[in-house]
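Subject: Structure for you to look through

Dear colleague,

Here is the structure I promised to hand over, and below it I have set out what was found. Please keep the model open while you read, so that you can look up each place as it is named.

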2 protein chains.
Amino acid sequence: MYNRISRTLFVIASLLTLVVASAHAFAASDPLPSWNDGAAKKSIVTFVAKVTEKGSADFVAPDERIATFDNDGTLWAEQPMYFQLLFALDRVKVLAPQHPEWKDKEPFASLLKGDVKGALAGGEPAIGEIVMTTHAGMTTDEFDKIVTDWVATARHPVTKRRYTEMVYQPMLELLAYLRANGFKTFIVSGGGIDFMRPWTEKVYGIPPDQVVGSSGKLKWDTRDGKPVLVKLPEINFIDDKAGKPVGIQQHIGERPIAAFGNSDGDQQMLEWTTAGGGARFALIVHHDDAKREWAYDRTSHIGTLDKAWDEAVAKGWTVVSMKDDWKTIYPPERK
Amino acid sequence: MYNRISRTLFVIASLLTLVVASAHAFAASDPLPSWNDGAAKKSIVTFVAKVTEKGSADFVAPDERIATFDNDGTLWAEQPMYFQLLFALDRVKVLAPQHPEWKDKEPFASLLKGDVKGALAGGEPAIGEIVMTTHAGMTTDEFDKIVTDWVATARHPVTKRRYTEMVYQPMLELLAYLRANGFKTFIVSGGGIDFMRPWTEKVYGIPPDQVVGSSGKLKWDTRDGKPVLVKLPEINFIDDKAGKPVGIQQHIGERPIAAFGNSDGDQQMLEWTTAGGGARFALIVHHDDAKREWAYDRTSHIGTLDKAWDEAVAKGWTVVSMKDDWKTIYPPERK
């Protein structure tokens, strides 16, 4: 008896929920309010509709709705240099008192005199030394705290905003829109995995296990009788260019059906995504808004968009103009 | 007007759903029916209650409810040898016609004569050669299909069951119970990640991106004008012993609050899990059921349980007796 009443009530409740949910969907406001109506927005909405509508020839089961996003230049800004490099420069200053020898040693000597250009003139070896010095030697828990403290307090040299407030509002809406449509959203970035994970859940709604990135090797050890993982100054994996499909396979183990990037470093990820069967979606953010953000593409050292742009045009991938397609760039600042 | 009616209907529907769901929960049957009432079952239920009850001093937010499971010997059987090795032996037979030179080359010569012991007498180098020969040289998509076909058809030499029907029914219930309580369940196995991912979602409800395992290196390449990832005969990562906490950090990026294993290969994963703050849970499956499964521990070559057992006893981790704690071992066979 209990069961029959319960089941009847349950069916009524479910039906009511369905009816109301459908009515809501019909009356719902725009899920992408910061996107201007145009070809880019339309291509997104059209793709999501066709892979989610039951009975659609392009329907994709929810557990295969994998979407991957580059981070630097796609979800947050990357000028005047990658934010992770700005973090590393800040760390050099903090660590300098423990390293008196840096006064006479490049790239640290130039850096500590405030000559960032001079320090980075040493190219990749110089940058490598700065990154390894600031990203290794501590435990994973210690590094997590260092990053958490930095993003809570550090300010961008140009906008004076917190770095996590230099994420793109239209992309936050896109992430939420895809998740509301059953997608699992991942970051696949050339940036350091340990540098992103402390804040991606709070800022993007992407939990640590859905972040793929470059990494250093780790060592299992014991400190004060407790097990720790120590970050070694040795590269484990570089998640960039052809490394992105490799990183996707190793971490996610499934080919995405949608991928989002902004530079030549994302080209192979977009190729890998669109080479799968069924409906596929690839999007490139073009930084063409010198007024509200930065304008750069083919000749930029950071976020070079050259070959991937040509391929996007040739293959009909969606190219987003920040200037024309986005109503706003950043979310409102927190108090 | 529409909105007010809609909102009212929605509230009614939501309330009804809540009421019915609560009634159902109250009347619900045992979520772990294949577990005998005893200390092991009680320790699981007690832990889950205290981390999920709002207001409990040990409450853990849902996004931090990470549980990691070893696979071989914890979720499915591993005797008379790891199933992945049985897969590799089957593959050698299938590939033999393309390799006439194997007739005179160990370990293949012995294997093809049916002398498995002789083939494995070569120890790790012999096993390494068998694994690399059968797990590399093809694309990731091709390997996925090979594994999918094998698990659909191959039968265990002793039980004559399909391998994916030699999973432990009590552990299937435990996985479902944890997920119903907001946990995210991961596999963290010494086995090959590409060997597990094709079937873990169907068999365990664990999607590919929540599988951590050992892996080979991958190479981005083009075949017939299409991008592919080729499996190279080169080790990328060994997810065993101290490699398990490293694999957890690299893939999941968060420390589990509960971990489940059966051998010394899981010891560091359980240490890493229990060394975190707040309520923690560690469990070891002890294979002591020679009648319904196999009985082995300290002196077994496969699934050695020696040091981890001592530590479990010393630290009060839960030790499951398959003989006493489990009503059944395997789920019913499919037709």
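B:Lys160 sits in the loop between helix 7 (140–153) and helix 8 (169–180) of chain B, and its phi is near 65 degrees, a positive value in a residue other than glycine. Please bear in mind here, and in all that follows, that this is a predicted model. Most residues other than glycine have a negative phi, and most peptide bonds are trans. Is B:Lys160 buried or exposed? With a relative accessibility of 53%, B:Lys160 counts as exposed, because the cut-off for that word is over 50%.

Just after helix 10 of chain B comes B:Gly253, which has a positive phi of about 75 degrees.

Strand 4 of chain B runs antiparallel to strand 3 of chain B, and eight bridges join the two; in one of these pairings, B:Ser215 has B:Phe237 of strand 4 as its bridge partner. Two residues lie between the strands of this hairpin, where B:Asp224 takes a positive phi near 50 degrees. On the parallel side, strand 2 (residues 184–192) of chain B is joined to strand 3 of chain B by three bridges, and B:Val188 stands opposite B:Val212 in strand 3.

The structure holds three cavities of 30 Å³ or more, and about 220 Å³ of space lies in the largest cavity. Which residues are closest to its centre? Of the 14 residues that line the largest cavity, they are A:Asn236, A:Gln250, B:Asn236, B:Gln250 and B:His251. Strand 3 (211–223), strand 4 (226–237) and helix 10 (243–251) of chain A, together with strand 3 (211–223), strand 4 (226–237) and helix 10 (243–251) of chain B, are the elements that give two or more residues to this lining. By type, the lining divides into four nonpolar, 10 polar and no charged residues.

In soluble globular proteins, nonpolar side chains tend to be buried together. The largest nonpolar core has 68 residues, of which A:Trp35, A:Met171, A:Leu174 and A:Phe260 touch the most other members, and its largest share, eight residues, comes from helix 3 (residues 83–95) of chain A. Apart from this core lies another, of 67 residues, which includes B:Val92, B:Met171, B:Phe260 and B:Trp326. If neighbours within four places in sequence are left aside, the contacts of A:Phe260 include A:Phe69, A:Met171, A:Leu174, A:Phe281 and A:Leu283.

As for chain A as a whole, it has 13 helices and seven strands, and buried residues make up 53% of its 335 residues.

Finally, two cis peptide bonds deserve a look. One joins A:Gln79 and A:Pro80, with omega about 0 degrees, and A:Pro80 lies in the loop between strand 1 (66–69) and helix 3 of chain A. Another joins B:Glu106 and B:Pro107, with omega about 5 degrees, and B:Pro107 is found in the loop between helix 3 (83–95) and helix 4 (108–112) of chain B.

With best wishes

Notes. Residues are numbered from 1 along each chain as its sequence is written. Chains are lettered from A and ligands numbered from 1 in the order in which they are written. This is a predicted model: local features need pLDDT of at least 70, side-chain atom pairs count only at pLDDT 80 or more; totals for chains, interfaces and linings use all residues. Side-chain values use heavy atoms; hydrogens and water are left out. On a 1 Å grid over the protein atoms alone, a cavity is a set of points where a 1.4 Å probe fits but cannot get out, and a pocket is an open set with protein on both sides within 12 Å along at least five of seven lines; lining residues have an atom within 4 Å of a point. Grid points are joined across faces, edges and corners, and a volume is the space filled by probe spheres set on the points. Helices (H or I, at least four residues) and strands (E, at least two) are DSSP runs, numbered from the N terminus. Ala, Val, Leu, Ile, Met, Phe, Trp, Tyr, Cys and Pro count as nonpolar, Asp, Glu, Lys and Arg as charged, and the others, Gly among them, as polar. A nonpolar core is a set of buried Ala, Val, Leu, Ile, Met, Phe, Trp, Tyr and Cys residues joined through side-chain atoms within 4.5 Å. Buried means under 20% relative accessible area, exposed over 50%, partly exposed in between (1.4 Å probe, protein chains only). Contact means heavy atoms within 4.5 Å. Two strands pair if DSSP finds at least two bridges between them.
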